[in-house]
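Hi there,

Here is the structure I promised to pass on. Have a look at it first, and my notes follow below.

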Amino acid sequence: MRSLLLAGGGLKVAFQAGVLQVWLSEAGLQFDHVDACSGGAFNLALLCDGRSGIEIADLWRQLRPLDGVSISLGGLLRGESLVTMKGYRDKVFPSWDMSWPRINASAIDATFTVHDRTTGKRQVFTAAQMDEEKLVATLSQAVWFPPVTIDANLYTDAVFDTDANIDVAVQKDADEIWVVWTVSTRPEWMPGILAQFFHALEVSANGTLQSDLDRIRFNNGKEQVLFEKEVKAEVLRAEVGTHYLALLNGDRLHRAVEAGVRAARSWCDERGIAYTPIDRGDFYDSGVELRFSDRLSGRIRGRRADAELFLTVPDSGEFVNAGRQRVQVSGSVTCSVLEGRATVEKGWADILLDADGHWRTTDVGGVCESDYGVDPTRKHMLYVLHLLTPDTRRRVTFIGTKTLTTPTVRGVAREAMTMSVRILDGWVESDDGSEPLCAGLLWMGFLDVARQLVGARASGPDLASELGGLARYGALFAGSLWDVAARRVLTYAPF
């Protein structure tokens, strides 16, 4: 019997929706039981409502975080909570068209875990027992939301008790337990009350999960002394570049959904699990094209070099939402080692992508923990330009890279303005690590940056759309720099 645990993580569970698209709709995986804690309960409620994995992901692709925000002035004055769930009740749930009769009648063996403050114990509700009050209770996190009173009992988010209820899966007689985990495991301790509140949450949630996984390992190594049979666990864990609650921008939330899709497909590839990708490439189409220019100067093989590049974003909506920040590049690179002014015959650039890495997998005692290697706190830019030299018409490839890792504003600005260059023989699609014809560094000056900002252009259906496209691009750029350099203020930008 296979059980799926949809762990919490606040708004980070948008990533979880992307995983559900792949596991349920693309790979056709099936689960005999599903439990959810905290924010994961939203996804389970939708599943019980009859939604497929792709439908759940699409709902998150349309969600605007501000729709769920309801400041509680009375709660602030009384010291009860900072916000309420009124926005979710009045806007989000109706937009999702959830039906409690459908959820109550669901054939899925589903359980929702909350904490009963009155008894001091976990409380598990079945789909047949659920209603809006109990769903709200699953995400009623202390300080942020008020507790929910049901039949004289106070219910809250269970995260400080458990964020993945392995006990209920074992009670359901599961011998396979799959967990989608988005609570951060970064080894850091940021200053400030807000950051440290969530660090305390992470200590509790991660500590409880590891304790539960250790129990499974102990059981499997001691002739099933705890559970009377061998139990295997699969944990898909990721660092999601979204704050748990402090988020105002829907574009960043939607990128979390797409990150979940990419992670789940990569996870399936690692395990040889077949899936049929569902293309949502046009889901975010806005009809707004953006154009920018990059002017850089420096030296290649000790000789002066100048690059005048023109960047085109085919559609701003897809660019800022889909997590595939690729632009088209034209222009030229001028340097004596390139026989003068070499034109760009074909070019593209990936802008401000999260630094990629490899899966880190440990498989001990029947517990397989897989950490997705993408790091949202490090950004990478890659330019690939197919150049044609003016005299001999030689084909060469310009590979330009920028890596943003320094956690200071000055440091990350310097990195964003500095490009490392390698010139390769022939036209290639990527840097294969071969010996370059030449190499060097190019820089943007502050005047070049100012020209880039002033010279930005948009074309779309109307002026409002064009201004919106430019603003969204600016939010992505500024937010990406924040994720690297301003994490001591807020771990991830709210925009």
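The seven nonpolar residues in the lining of the largest cavity are joined by five polar and two charged ones. Before going further, please keep in mind that this is a predicted model.

**The cavity**

The count of cavities of 30 Å³ or more comes to one. The largest cavity has a volume of about 100 Å³. Its lining is made up of 14 residues, and those closest to the centre are Gly9, Gly10, Ser38, Gln141 and Leu201.

**Helix H10 and its ends**

H10 covers residues 250-271, 22 residues in total. From its first C-alpha to its last it reaches 32 Å, close to the 32 Å expected at 1.5 Å a residue. Is this helix largely enclosed or largely open? Because 16 of its 22 residues are buried, H10 is largely enclosed by the rest of the structure.

Both ends have something to show. At the start of H10, Asn249 places a side-chain oxygen within 2.7 Å of the backbone nitrogen of Asp251. After the helix comes Gly272, with a positive phi near 70°.

Arg271 lies within the residue range of H10, 250-271, and its side chain is joined to that of Ser370 by a polar contact of 2.6 Å. Ser370 itself is found in strand E14, which runs over residues 367-371. With a relative accessibility of 0%, Ser370 counts as buried.

**The cysteines**

How many disulfides does the structure hold? The number is zero. Take Cys48: the closest cysteine sulfur to its own belongs to Cys37 and is 14 Å away, which is too far for a bond, as a disulfide needs the two sulfurs within 2.5 Å. Cys48 counts as buried, at 4% relative accessibility.

Cys368 is likewise in no disulfide, and the nearest cysteine sulfur, in Cys268, is 13 Å away. At 8% relative accessibility, Cys368 counts as buried too.

Happy to talk any of it through once you have had the model open for a while.

Best wishes

How values were computed. Residues numbered from 1 in each chain as written. Predicted model: local features only at pLDDT ≥ 70, side-chain atom pairs only at ≥ 80, totals over all residues. Heavy atoms only, no water. 1 Å grid on protein atoms, 1.4 Å probe; cavity = no way out; pocket = protein on both sides within 12 Å on 5 of 7 lines; lining within 4 Å. Points joined across faces, edges and corners; volume = space filled by probe spheres on them. Nonpolar A, V, L, I, M, F, W, Y, C, P; charged D, E, K, R; others polar. Helix = DSSP H or I, 4+ residues; strand = E, 2+ residues; numbered from the N terminus. Expected span 1.5 Å × (residues − 1). Buried < 20%, exposed > 50% of the residue type's maximum accessible area, 1.4 Å probe, protein only. Polar contact = N/O pair within 3.5 Å; in protein donor to acceptor, adjacent residues only side chain to side chain.
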